[in-house]
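Reader: I've got a model open and I'd like to talk through its contacts. Can you take my questions one at a time?

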Amino acid sequence: MQANLRVSRYDPEAPEPSARMQDYQIEVPEHFTVLDALIQVREEEDPSLAMRCSCRASICGSCAMRVNGQARLACKTRLSAVAAEGEPVTIEPMGNQRVVKDLVVDLGLFWNKIRAVEPYLQPAGDEPEEEYIASDESMQNLITPMGCIMCGACVSDCTALEVDENFLGPAALAKAYRFVADPRDGASHERLQTLNEYGGVWDCTRCYMCVEVCPVGVAPMDRIMELRDSVMNEVGVTTPGARHVESFARSVARSGWLDETMLAVDSWGRFNIPKLLSQAPLGLRVLVRGKLPLPWPFHHKRAGAEFVGRIFKRWESRKQ
Amino acid sequence: MADHDVLVVGAGLAGMRAAIAAHRAGANVAMMSKVHPVRSHSNAAQGGINAAMRGAEDSVDSHVYDTVKGSDYLGDQDAIEFMCAEAPQEIINLEHMGVIFNRDEEGRLGTRAFGGASYARTFFVADITGQAILHVMYEQILKAGVRSYEEWFVTDLIVEDGECRGVVAIEMLTGKLHQVTAKAVVLASGGVGRAFEPSTNALICTGDGIALAYRAGATLLDMEMVQYHPTTLAGNGILLSEAARGEGAYLLNSKGERFMDGYAPNMRELASRDVVSRAEATEIEEGRGVDGCVFLDVRHLGAEAIRTKLKYIYEAALDYAGIDMITEPVPIRPGQHYIMGGVKTDPQTRTWDPDGAWSGPRGLFAAGEVACVSVHGGNRLGANSLLETVVFGKVAGEMATAHAKEQPDTPVSGAHLADAEARIKALFGRPDNGERTAKLRLDMGNAMNEHLAVFRDEDGMQSALGTVHGLQERYTELPVVHKGGVYNTDLIFHLELGYMLDCAETICEGGLLRKESRGAHYRRDMTERDDTAWLKHTMANVGEDGRPVMGSLPVTVTKWEPQKRVY
Ligand SMILES: Cc1cc2nc3c(=O)[nH]c(=O)nc-3n(C[C@H](O)[C@H](O)[C@H](O)COP(=O)(O)OP(=O)(O)OC[C@H]3O[C@@H](n4cnc5c(N)ncnc54)[C@H](O)[C@@H]3O)c2cc1C
Ligand code: SF4
Ligand code: SF4
Ligand code: FES
């Protein structure tokens, strides 16, 4: 088949470095992956093309890049699956990270975040003579986060990181989960305290991008949600994020729908006047457009609210 | 003053295990790797790691025996005994570091069956064992705060007065050359699969360390012993792990017969790899294959087991061959996988011999696939390689630390750096004669795969050697087309090709020298094993003219006398 590739090029050593797109048209076999095609370009057309790749088998995590705007492993992406009739396949470096050359990005930020979660087992007490006894179930549960190949795709496309570099981000939080959920780790409580802080589990916007782009099914957002549960159970409801969750649930359980004004008040705190005032103009605009329900005490129950309440009760009793 | 007591070249399992051991022994240790440590090829190991520590019947002796037999009696038995005896403790060490090994009902470490083994003694993490260990090892490196030179490509070993005192390396993100000095150097730079096309190996497995050591005067051993894995995908050579057969997969020919019945009636699919690969090649040659392949069938294991225990394999077949293993058998064939030979070391991982039977610079240690200590002899058993990396990686870290502590601080000349800079400048200066690195590599890979695969003979190996010599000629004028400094892979691939050609040459020479069939080295023109003349290692040292000077070394036999090998 004919492959039309539109590849982002950036040469930091050019007199005036700037990114540009370059088109390549090559003949390739039907079964080729995006990586196979790029390697062919590098070997036959342009040896200056810089990218990382090694295993060709989606295990080393080297070849994450944006294909048609979404982060993917080039070696796990069949060209035929992303090529649309008459359109070139665009290939760009990952997002949220500094480009070094062409498709190579600086992963310093990525690794700093991994380092920040103290990514090593911190056992409680002395090591046993033999192995730690742990259920197979508890170990199987860790295979998913341990499957992370540190490719950076999730960090590339994370919407929260895009606006705040201080967010630990999906990969590091999935890594943190791996230790919190490891029965052999003795530092879970301290870890959860740290994750409860600014930049931690509450900064995720639940946009789902990381789940969508992760090539090996780590589903970082799901791990983050599990961490949120652990934080609320073990550290308590101490942050706006945690209070947000509680208030949300309380409102829906009571009235069958969301009281967004109370949500803000509960999340930020009743006496956090400056923060609440800063939210007021937004609230008013939303209210004027009819997109905000009347706040408490005018917040009426929806029809069927009792049903919803019963679901919550049932869930609570299950949890116990 | 030397930059480090110990410098480890390579950050796969052997390298990181060495660095951790050296750190724990109190050395100022650093690691250097041409890719980020977690991208090292060790992550590709799917199946597991062996140790005899479960079940009333299994024993270290049985593990040793299986390994010796698997090696076709070419392994050095003192090294094998040491490795197998250390194995249980090393598995525990890995578990303590944080590896999430699969468990049994009591919550203790569980095992699976693997090829060539009398008992189920393979410990594993689903089918991501290598990755699961490699990433945990890196966690420990972060914890210890070991200095790690990441994406630094070693171009030279510094040898002065017969002592290895560091390396010259390219910092790939800038293109700058640096000299990094150390009182001891551990080579842990992996194998040379890419000298063959296709190969299960990653693109970075280019034998750099083997060639660097060889050029620095070290001895290479048994280079002809190249393993072909029985189950690789037809298109790009990607591996489907032995774990599939460990879990009970069948091998079928075009008539749907389990043909291993005819070759290894007891162990069948789980006979050792050389035996299974030859059986497949025979079936294919005799017309019972389809498009040069036979089939791997797991359908009878059930969808659940396939999706959980063989998750990666299942996805790889789907991604790279478009085949759903739950409903269809996958076409597979033998493919280049592993090199048993490498830099000769003693069981203490030293590359030099105080008694002078073989040579190497003092202060240079080697462990992992780059080395030949020799625990695999003529054929490596599945899941013994990861074991080798951690057992001998640890020894190398400790021995290098001890060695470094005895060394005075000798200043190192800056000439090595200047030499390397001049050499690379000259490469950039070569006129573009139209030759391309990728093309030369492909020619080499094809020749090696044609003549040094499962079946070999004199004419074929001579022809491959001729091709390699021709390519070495052309290599002296091969240009580097891209002249940039930042992340210049055109330059890196050029240097790697030089390393691979050295390795390919010694592989051919070793094969021509060994006038018998043993393990992976099966000659059609000499089909029998000859213990009288050839129960010994082939040896290669670089000669004055740059060509290998061949020789041999005796095999160490402790208590297992050679017997006929039946599976
Ligand atoms: C697909 C596959 C599956 C396998 N499955 C198993 C299994 O189930 N069980 C088993 O026991 N074995 C298995 N093996 C074999 C085993 O994985 C390898 O033999 C082993 O991991 C090699 O480890 P190593 O540490 O020696 O080298 P590697 O992990 O290859 O590491 C080499 C290191 O050296 C560095 N390096 C190389 N050259 C340079 C240079 N010039 N400058 C700087 N750094 C350099 C690299 O960057 C890398 O960090 C498998 C192999 C393959 C290919
Ligand atoms: S779900 Fe959360 S962590 Fe994942 S990409 Fe979105 S904001 Fe980032
Ligand atoms: S979580 Fe997934 S996408 Fe993110 S780094 Fe790990 S493997 Fe890549
Ligand atoms: S090349 Fe290794 S993940 Fe793509």
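Predicted model: local features only at pLDDT ≥ 70, side-chain atom pairs only at ≥ 80, totals over all residues.

Reader: Which elements of chain A each supply at least two residues of the shell around ligand 2?

Author: Ligand 2 is surrounded by 14 residues, and the closest are Cys158(A), Cys204(A), Cys207(A), Tyr208(A) and Cys210(A). As for elements of chain A that each supply at least two residues of that shell, they are helix 6 (159-163), helix 9 (209-213) and helix 10 (220-234).

Reader: And ligand 1, how much of its area does the protein bury?

Author: Start with the atoms: an oxygen atom of ligand 1 sits 2.6 Å from a polar backbone atom of Leu386(B). On its own, ligand 1 exposes 1,000 Å², and the share of that buried by the protein is 98%.

Reader: Which residues come nearest to ligand 1?

Author: By class, its shell holds 15 nonpolar, 18 polar and 4 charged residues. One nitrogen contact is with Lys34(B), where a polar backbone atom is 3.0 Å from a nitrogen atom of ligand 1. Another involves Arg380(B), with a polar side-chain atom 3.3 Å from a nitrogen atom of the ligand. Of the 37 residues around ligand 1, those that come nearest are Ser40(B), His41(B), Ser42(B), Glu369(B) and Leu386(B).

Reader: Now the chains. How much area do chain A and chain B bury between them?

Author: Interface size is often quoted as the accessible area lost when the parts come together. Here 60 residues of chain A are in contact with 62 residues of chain B. Carbon and sulfur atoms account for 54% of the buried area, which comes to about 4,900 Å².

Reader: How far apart are the closest N and O atoms in the salt bridge of Glu151(B) and Arg52(A)?

Author: The rule finds 9 salt bridges across the interface of chain A and chain B. The cut-off for such a pair is 4 Å. Glu151(B) and Arg52(A) form a salt bridge, with their closest N and O atoms 2.7 Å apart.

Reader: What about polar contacts, and which helix gives the most to the side of chain A that touches chain B?

Author: Between the two chains, 37 residue pairs are in polar contact, both residues at pLDDT 80 or more. Elements that each supply at least two residues of that side include helix 1 (34-45), strand 6 (99-101) and helix 7 (169-180) of chain A. The one giving the most, with 6 residues, is helix 4 of chain A.

Definitions and conventions: Residues numbered from 1 in each chain as written. Chains lettered and ligands numbered in written order. Heavy atoms only, no water. Contact = heavy atoms within 4.5 Å. Buried area = accessible area lost by both parts, 1.4 Å probe. Salt bridge = Lys/Arg side-chain N within 4 Å of Asp/Glu carboxyl O. Polar contact = N/O pair within 3.5 Å; in protein donor to acceptor, adjacent residues only side chain to side chain. Helix = DSSP H or I, 4+ residues; strand = E, 2+ residues; numbered from the N terminus. Near = heavy atom within 4 Å. Areas by Shrake-Rupley, 256 points an atom, 1.4 Å probe, with all protein chains shown as cover. Nonpolar A, V, L, I, M, F, W, Y, C, P; charged D, E, K, R; others polar.
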